[in-house]
Amino acid sequence: MADITFDDIKQAVTDCINHQVRSVTDWHFGEPVYENPDECPELEGTAGLRELSARLHWTNFRMWHLEDRVRRTDVPEKVIAECKFAYDRLNAVRNSLAEAIDACLVSMMHRLLPADCEDRYNTETVGCALDRLSVLALRVYHMEEQARRRDAAEEHKETCSGLCGKVQAKHDRLMRSVLELIDDYAEGRKKPEVHQYFKMYNDPAMNPELYKNK
């Protein structure tokens with residue numbers, strides 16, 4: 001990791017984003033196989049960054065389809081409850097992976113930052129942005145799917161086609177902003193940090209609905 005440069009980091013982040021776009025299509029034909037898919041490993045370097053980003057995207061992929069399933073009204077309530085519990089569990093994994101991405105990036109960048117780096121931070125970290133880009137890649141795919149539906153009215157398909165263009169533009173703007181943020185780090189205009197979610201609802205010692213109703 002000693003030889004990593006900001007250009008290497010920027011390329012790795014670009015690779016992560018491109019992988020998100022490609023894999024949405026690939027995974028609808030064959031889902032990936034991860035050993036312990038809900039783990040959040042501590043990884044380093046650009047290879048670690050790519051692995052964490054792929055795991056985050058896979059988590060969002062599963063959450064997306066749970067979101068669809070949980071809105072069904074033709075299945076028993078038990079099925080909906082199971083979907084909600086599964087979604088909540090995956091959301092915790094998602095948050096941990098976004099934090100791990102930031103930690104991986106900070107570990108690569110800390111020795112590369114200029115000595116006179118300004119004590120300024122972005123409103124969103126790269127880990128959070130990669131999470132949003134993952135969801136946008138999913139949204140583009142499924143919006144395009146709606147625009148191609150043979151059983152849908154032309155008006156529906158035209159509407160979805162127009163919305164798809166807007167979502168794609170939003171994705172492209174965010175991608176550009178993330179890469180510009182890496183440049184800000186390299187030039188010392190901002191400092192990277194780990195975004196910590198500090199979620200309380202999964203902690204039985206902090207959620208009153210859990211510790212009051214044991």
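Trainee: What makes Trp 27, Trp 58 and Phe 61 a cluster?
Mentor: In this predicted model, ring pairs link Trp 27, Trp 58 and Phe 61 to one another as a cluster, and a search of the whole structure finds three aromatic pairs.

Trainee: Why is the pair of Trp 27 and Trp 58 called edge-to-face?
Mentor: The ring centres of Trp 27 and Trp 58 are 5.4 Å apart, and rings pair if their centres lie within 6.5 Å. Their planes stand at 75 degrees, and planes over 60 degrees apart count as edge-to-face, so the pair of Trp 27 and Trp 58 is edge-to-face. Because Trp 27 lies in helix H1 and Trp 58 in helix H2 (residues 45–69), the pair ties together parts that are 31 residues apart in sequence.

Trainee: What makes the pair of Trp 58 and Phe 61 stacked?
Mentor: The angle between the planes of Trp 58 and Phe 61 is 25 degrees, with 5.4 Å centre to centre, and planes under 30 degrees apart count as stacked. Both Trp 58 and Phe 61 belong to helix H2, where they are three residues apart, about one turn of the helix.

Trainee: How do you know whether Trp 58 and Phe 61 are buried or exposed?
Mentor: Buried means under 20% relative accessible area. Trp 58 has a relative accessible area of 6% and is therefore buried, while Phe 61, at 4% relative accessibility, also counts as buried. Trp 27 is buried too.

Trainee: Why are H1 and H3 called roughly antiparallel?
Mentor: Helix H1 (residues 6–27) and helix H3 (residues 77–109) pack at an angle of about 160 degrees, and their axes are 10 Å apart. Angles over 145 degrees count as roughly antiparallel, so H1 and H3 are roughly antiparallel to each other.

Trainee: Which residues make that contact, and what classes do they belong to?
Mentor: On the H1 side the contact is made by Phe 6, Ile 9 and Val 13, and on the H3 side by Leu 105, Met 108 and Met 109. By class, the contact of H1 with H3 has six nonpolar residues, with no polar and no charged ones.

Notes
Residues numbered from 1 in each chain as written. Predicted model: local features only at pLDDT ≥ 70, side-chain atom pairs only at ≥ 80, totals over all residues. Heavy atoms only, no water. Axes fitted to C-alpha atoms, helices over the stretch in contact; angles between N-to-C directions. Helix = DSSP H or I, 4+ residues; strand = E, 2+ residues; numbered from the N terminus. Parallel < 35°, antiparallel > 145°, perpendicular 65-115°, else oblique. Contact = heavy atoms within 4.5 Å. Nonpolar A, V, L, I, M, F, W, Y, C, P; charged D, E, K, R; others polar. Phe/Tyr/Trp six-rings, centres within 6.5 Å; stacked < 30°, edge-to-face > 60°. Buried < 20%, exposed > 50% of the residue type's maximum accessible area, 1.4 Å probe, protein only.
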